[in-house]
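Q: Could you take me through some of the labels used for this model, and show me what stands behind each one?

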Amino acid sequence: MSDFLLWLHANYIKPQMSAPAKGSDYALRLELLQSQLEENGLEDLDKALEFTAIQAFLLGLRTWEGLTLSCQ
C-alpha cells in the first residue's frame, strides 16, 4: 500500500473507527474480541482492520458511493 494510504488510515480513518457509538453492537463485540486477544493477536487484529478499512475506502472512491451520498 502506498505511504499516503497508510497515513490516511493512521490520521483519519482509524480515529473515526476508534470511536464507535457507545453501546452499539459493534463497540461491544470489538471490546470483547480485544479483551480475549494477547498482544500478538491485537497486532494482527489492528493490521486486519487497517487493511479492511483502506480497501473499503478505495472501493468507495472507485464507485463514488460515499461522494454521491454526501451530496444529497
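Q: Where do Phe4 and Trp7 lie?
A: Both are in helix H1, three residues apart, about one turn of the helix. Helices here are DSSP runs (H or I, at least four residues), numbered from the N terminus. An α-helix has 3.6 residues a turn, so residues three or four places apart point the same way. Do keep in mind that this is a predicted model, in which local features need pLDDT of at least 70 and side-chain atom pairs count only at pLDDT 80 or more, while totals for chains, interfaces and linings use all residues. Residues are numbered from 1 along each chain as its sequence is written, and side-chain values use heavy atoms, leaving out hydrogens and water.

Q: What makes Phe4 and Trp7 a stacked aromatic pair?
A: Searching the whole structure turns up one aromatic pair. In this pair, Phe4 and Trp7 are 6.1 Å centre to centre, with 25° between the planes. Rings of Phe, Tyr and Trp (its six-membered ring) pair if their centres lie within 6.5 Å, and planes under 30 degrees apart count as stacked, over 60 as edge-to-face and the rest as tilted. Phe4 and Trp7 therefore count as stacked.

Q: Why is His9 called buried?
A: Its relative accessible area is 6%, and buried means under 20% (exposed is over 50%, partly exposed in between; 1.4 Å probe, protein chains only). So His9 is buried.

Q: Which other residues of H1 are buried, and what do the buried ones pack against?
A: Leu5, Leu8 and Ile13 are buried as well, and the buried residues of H1 pack against helix H3 (39-63).

How values were computed: Helices (H or I, at least four residues) and strands (E, at least two) are DSSP runs, numbered from the N terminus. Contact means heavy atoms within 4.5 Å.
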